Amino acid sequence: MLILAALPGFTQRGAAKKAGSEIYIDAKGIIRYTKDNKEAAYFGVNYTLPFAYGYRSHKVQGINIEQAIDRDVYHLARLGINAFRVHVWDTEISDSLGNLKQNEHLRLFDYLLAKLEERGIRIIITPIAFWGNGYPERDERTGSFSDIYGKEKALVNEKAYIAQERYLQQFFRHVNPYTRKTYVNDAFIIATEVNNEPHHSGPKARTTEYVNRMAAAIKSTGWRKPVFYNISESPWYADAVAKSVADGFSFQWYPTGLVAGHQHKGNLLPQVDNYVIPFDTIPEFKNKAHMVYEFDAGDVLQPYMYPAMARSFKKAGFQWATQFAYDPLGNAFANTEYQTHYLNLAYTPSKAISLLIAGKVFRSVPVFKSYGNFPADTVFGPFRLSYKQQLSEMNSDKEFYYSNSTGAKPIKPSALAHIAGVGSSAIIKYNGTGAYFLDKLPDGSWRLEVMPDAVAVSDPFAKASLSKHVTRIFSTERQMRIDLPGLSKGVTVTPLNADNQYTPNVVAGSFSIKPGTYRIAASAKPDYKQGMLVNGNIKINEFVAPADDSLNIEVNHQAYQSVAANAPFKIKAVIAGITGHDSVRVLVNRLTGAYRILAMQQTGAYTYEATVPADILSPGLLQYRIAVTKAGKEPVVFPGGQSGEPFAWDYINQQYYQTIISAPGSRIQLYNATRDRENVIVYSPEWKTDSYEYVTNEDGNLAIDISHKPSGNGLGGLELFVKDNISAYAVNINNYQYINVKATGNVAAKLVLIDADANSWSATINLPGGIVKVPLSAFRPDSMVLLPRPYPGFQALAFKQSTGSSLSLPDIERVQLLLIGDNAKPANLIIEGISLETK
C-alpha cells in the first residue's frame, strides 16, 4: 500500500474522496471534475485478461496471469490512457440465483483494478455482460443466471430480474482484497454501466422498469456515482431507456464493421468523419451524459483512425471513450483473443502510438467542438492525420508524437518534454520498426525507451490460431540519432532497466541501440534516483517487451494478379528471421525453359525488392519463387518454406507465386467473382432477409448472386479494393477508357469509383443481361456508400466530397457496384466481373 500512496493518482483519490466523487454531471449533462468544475475527459481501453478466453489462453501457454497483467498495465500507462472499462463476465463469477462467487476470476479482476489504480487510471465497471465465456471457443456451461436465461430472457423474466438484483448488490458490496475497498468506496471507480449491449424486447414499460430496478439495486449499496445505461444497442427502445433514472447513456462505434476476415484498405477517414446521435428528439434524452463504452475500426491496421474517432466523439458530446479491446502481450503474437481487433504496443506499434495521440485529442478538444468535415478536419489544433502518409501526428510546444515517419519539424524543439514515435522525424533518425519514447528528466537529460522491432508476417484479421504468428518480434541492434538542443554534438547512453547490459556504440550524436530504457545525456554524470517517476506514473528504470521469437524464416509476399507485358515491375516482400548479410533471390520460371535469377535488395528493416526486367515479360504466365539463404545453410524456398536446393532433381516443393502477363490492350480485371471471394465486401442492408450466394453461369464461371426482399432499407451491392490491380498497369493505364460490367439482373445498378482522397464518381447502368460497357467520361461526382456498413446502424451510410476533383484512373482505389431501384420490390443481381478496357 505504501507504493500506491506514492503515486500521483492516489493524491487525486484523496481529493475525490473529500468531495464525495471525482466527477458530477451538471444540469446540461456535462461531466465535470468536482475539484474545479472543468469538463472531464477519459480515454482508454477495454482489457479482458481476468476472464474468458484471455484467461484460458494464458493458462494454456503457462503464463503467470498476475505478471501478464503487470506487463500490460505498464504498456497502457506508457500509452497515456486514463480510462479502463470492461464488461465483467458475470457468467464466471455468479450462480443461477445471482450469488457472487469468490473465485480466481474475481480475484484477478480485483488485482487488475488495483494495478490500474497504481497508474492513476480511472474505471467504469459494467457488471453484467450476459455473454457466454467461450468466444472464440465454445461456451462453457457455468450455471450462472446469464447461462440459464441468456441476454433476451434476462431482460424480461422476473426470476432473472431478482437474480440480477441480488448479484448487483453483492457485487458492489464486495471488498477488493488488494485495495481493501468496496467498488462503492473506491474513488478510482467513477461510474458504472449496468450491463453490456442489452437486446430489449416486449413492452417498453418493462424495459424502463428493468433499468430502474437495476439502478435501485446498485444504489442500495450506497452507490452515489453516475449510473449509465446502453441506448444504442436497442435503438427502437431508446425512448423507454431515456425515461429511466439512468444518469447517462452509453454508445458504441464500429465504423468499419466487424470480422471481415481480412484487412480493410483504402482511405477510411470518411467512415469516422462524424458520429450521429439520433435520439435528440426524445425529451428525456436531453441533458444526460454520454459515454462510448466500446469503439474500434475493426479489421483496420492503418494508424490514423483513432485520433479521427476521438475528434468525432468530442464533436458529438462524449466524455468517456474506451477502445475494444487491448490485446494482452501473451497472445498478441497471434491475435487470437478477438480476431477483428488488434492493438498492442509491442505488436502494433504505429497503431498504438495513434491511440496515444487519440487520447491527447480526446482530453484537449472541448465537448461539441467541430472542425468541419473531411478533409478540412484532418488538421486541427496541434494534430494532423494523413491516409497517404499513414500518419497520426501531434506537434505542440512540449509534445511531439507520430505514428510513422514524418517530415514535420517540432514547432519549439527547445521546449520539448515528451516525444514518441515510429520511424524517423526531423529530430530522430531510427531504422527500427518498433515504437520509442523520449521523456525529459529534471536534470535536462532524457529517458529513452526503445521497443523491439515488430514485423507483420501475415494478415492479422484472417483465421487466427495460437499456432500461427501474425507478427514477429526481434530485438535487433539498430541505429539512432537524436538532434535535440544539447544532444546533437555528442551523447552518453546509459542502460537503466534491470539486466540490460548492452553498451551502445556512440559516434557524435549517433549511436547503436537495442530494446530497453536508457539515459541520454551530454554528460555521463547521472542526476536521478532509480525509483523516480517519469511522465506522471512511469518509473525511470521500467521496461516491458516480449522476448524474441525463435521461429524460422518467414516471407510475407502477395503476387500481383496480372501485370502489363513488356514493362518492368517490382516484386516486394517482407522477410523475417534473417540479417542484412543473408542472401535473398527471386527464381523466375517462364515455363519455356527460360530461367532468371534476380537478387532482392534490402530497402528497409525487413523489406526487400527486385525488379523483373521487361525482356522476360512477354505475354503469358510468370512463375517465381523466393529463396532465402542464411550463411552456411541450405536455401529456404517460398511459397512453402521448405529448405533445400530448389534446382535439385529431388526437391519436391513445387509451389510457385504466379502472375499473368497481359498482352497490350488486355482487360484489367477489377473484380472477378472466383478470384475475389475472400476480399470482396458484400453489402446486405437487411441482414435478416437479404442474402447472397455464389452460383455458376453457362460457362461454368462463378458469379455472386445478390438478392433483396422488400423492405425499407437499400438494395445492397459490393465493394472491392482495386488499387493494386490498377497500379500493376501504371505504364499504360491511361489507355483504358471503359469499364466493362458482366452481370444480369432485374434492377439497375450504380457503378462507383473512389480515389485515394475519398472523391467518388458514379454512372448508372441497366443490366437486363450480359455485358455493359461504360465510358469513363460518363462518370459524374456522386456519393459513395460507406462500406463495410458502420455499426450501430443509425450511423451515416453515405459520404460525398465537394472538392470538384476530376476523375483520374491512376488514383482510383475502390470500386462499388450498388443495386438501385424500389426498396419495396424484390431485386436480384448476378455479377461475374468488372474490368477495365481500352476500347
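The legends below accompany close-up views of a predicted model.

**View 1**
The structure contains one cavity of 30 Å³ or more. The space in the largest cavity amounts to about 30 Å³. Its lining consists of I23, I31, Y42, I124, I190, A191, F228, Q319 and W320. Sorted by class, these lining residues comprise eight nonpolar, one polar and no charged residues.

**View 1. Strand β33 and its two partners.**
Strand β33 spans residues 583-589 and is mostly covered, five of its seven residues being buried. Seven bridges link β33 to strand β37 (residues 620-629) in the antiparallel sense, and V586 is placed opposite I626 of β37. Strand β34 (residues 595-599) also pairs with β33 in the antiparallel sense, over five bridges; here V588 faces R596 of β34. A hairpin is formed by β33 and β34, with five residues between them. In the turn, L591 has a positive phi of about 65°.

Strands of a sheet pair through backbone hydrogen bonds, either parallel or antiparallel. In this view, four strands make up an open sheet in the order β30-β32-β36-β35, with antiparallel pairing. The edge strands, β30 (554-556) and β35 (601-602), each pair on one side only. Strand β35 is joined by two bridges to strand β36 (residues 607-612), and the two run antiparallel. Q602 stands opposite Y608 in β36.

**View 2. Aromatic pairs at strand β10.**
The structure holds 43 aromatic pairs. One of these is formed by F251 and F285, whose ring centres are 6.4 Å apart and whose planes meet at 80°, so the pair is edge-to-face. Because F251 belongs to strand β10 (residues 248-253) and F285 to the loop between β10 and β11 (289-295), the contact ties together parts that are 34 residues apart in sequence. F251 is buried, with a relative accessible area of 0%, and F285 is buried at 2%. The rings of W253 and Y275 are likewise edge-to-face, because their centres lie 5.1 Å apart with their planes at 85°. W253 is in strand β10 and Y275 in the loop between β10 and β11, so this pair ties together parts that are 22 residues apart in sequence. W253 is buried, with a relative accessible area of 1%, and Y275 counts as buried at 7% relative accessibility.

**View 3. Charged groups over tyrosine rings.**
The charged end of K369 is positioned over the ring of Y371, 5.3 Å from the ring centre. R677 lies over the face of Y694, at 5.8 Å from the centre of that ring.

Terms used: Residues numbered from 1 in each chain as written. Predicted model: local features only at pLDDT ≥ 70, side-chain atom pairs only at ≥ 80, totals over all residues. Heavy atoms only, no water. 1 Å grid on protein atoms, 1.4 Å probe; cavity = no way out; pocket = protein on both sides within 12 Å on 5 of 7 lines; lining within 4 Å. Points joined across faces, edges and corners; volume = space filled by probe spheres on them. Nonpolar A, V, L, I, M, F, W, Y, C, P; charged D, E, K, R; others polar. Buried < 20%, exposed > 50% of the residue type's maximum accessible area, 1.4 Å probe, protein only. Pairing = 2+ DSSP bridges. Phe/Tyr/Trp six-rings, centres within 6.5 Å; stacked < 30°, edge-to-face > 60°. Lys NZ or Arg CZ within 6 Å of the ring centre and 35° of its normal.
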